[in-house]
Amino acid sequence: MPETSILMTSVGGYLPERIVTNEDLVSMVDTSDEWIRQRTGICQRHIVAEDEKTSDLACHAARKALAGAGLEATDIDLIIIATSTPDDTFPSTATRVQHMLGATSAIAFDVQAVCAGFVYALDIADAMLRAGRGKRAIVIGAESFSKILDWEDRSTCVLFGDGAGAVILESSQDADGYGVLASKLHSDGAHRDILYVDGGPSSTGQVGHLRMEGNKVFRHAVEKLSTVMDEVLELASMKVEQIDWLVPHQANIRIIEGMQKKMGLGDDRVVKTVDRHANTSAASIPLALSAAVADGRIENGQILAFEAIGGGLVWGAALVRFGRP
Ligand code: UT7
């Protein structure tokens, strides 16, 4: 029996039109461009328009990914959206996107793993396709974090942005060594209180605002991300030298460069978009991937490493050989 491979054949990204610079934030909270750049690497972020929803962002990204793969929406069997900023409490943002795309054959649901949402959704889609639950999936990370920020809290409102990224996954019997090579997820709810939203349907009945003890999250980040990266490399029987590109979650340039240093990767092997996108939570990895594929840095057949950590805490990593033979 030939091995089943779950290929990542296309990617699309979408950023809302409105750009908010660090200087723009200086008039809103007690901060400075210098502090934000030095502590985070962020220079600007994109913010949704009043009437723009997470589903709109997701749809734009999904349409680009479908076009890149030469597929119609009706070819898709599975839509998973990783988001912590859904349009509504229910139904899922994924069912709305399914309808907007016209993906009438797909099942659709959301996954909530905050900033690790993309690696979680990727792992779930990979497992479902491998188990024969369909042949083609769209995995989308889409967020409107601007809607859950406390715009008077300088320690959080400067960090996040809005956007969406989508990848197409396709099951193949004829592509050994391509696609998702390994994936590993972790959760530890003991750390809930260092990164959370202070509201929800069954607690306050309100949407709530994001709260974070950033320096505590920071301390977990590099340690947990480098451990899980070692785990996926071992699962795939690969060495770090074989990775062509690290495409990390874009929370803070210091976390990204900490990982880069631990892994011994040069600047020519790490995708960094945090300066332009800020932290777009579940959207950050597919957005970074779409930027690097669009500008020609990432090419068909290259080995990519994804890693992310987010509120929960939840974290994970995946290794993917991009494209198809
Ligand atoms: O994506 C999900 C995972 N999230 C993350 O990975 C975020 C991880 N954490 C971080 O990226 C960093 O911890 C931050 C960027 C959030 C903060 O950087 P830090 O170096 O850990 O700073 P800090 O929180 O220890 O704060 C240092 C100082 C404080 O002042 P004092 O108490 O030393 O006087 C803050 O009040 O910086 C102050 N500060 C600010 N100053 C100017 C906090 N926010 C700001 C601000 N502008 N926006």
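Salt bridges in a predicted model

The count of salt bridges in this structure comes to 15. The structure is a predicted model. Side chains of opposite charge can pair when their charged atoms come close.

Asp30 and Arg154 form a salt bridge in which the closest N and O atoms are 3.7 Å apart. Asp30 lies in the loop between α1 (22-26) and α2 (33-40), while Arg154 belongs to helix α6 (residues 154-157), so this pair ties together parts that are 124 residues apart in sequence. The relative accessibility of Asp30 is 62%, so Asp30 counts as exposed. Arg154, with a relative accessible area of 48%, is partly exposed.

The next pair is Arg96 and Asp87. Their side chains meet in a salt bridge with an N to O distance of 2.9 Å. Arg96 has a relative accessible area of 33% and is therefore partly exposed. Asp87 counts as buried because its relative accessibility is 19%, and the cut-off for buried is under 20%. A further residue, Asp88, is linked with Asp87 and Arg96 in a network of salt bridges.

The last pair to look at is Arg276 and Asp275. A salt bridge joins the side chains of these residues, at 3.9 Å from N to O. A pair counts when the nitrogen is within 4 Å of the carboxyl oxygen, so the 3.9 Å of Arg276 and Asp275 meets the rule. Arg276 is partly exposed, at a relative accessible area of 36%. Asp275 is also partly exposed, and its relative accessible area is 29%.

Conventions
Residues numbered from 1 in each chain as written. Predicted model: local features only at pLDDT ≥ 70, side-chain atom pairs only at ≥ 80, totals over all residues. Heavy atoms only, no water. Helix = DSSP H or I, 4+ residues; strand = E, 2+ residues; numbered from the N terminus. Buried < 20%, exposed > 50% of the residue type's maximum accessible area, 1.4 Å probe, protein only.
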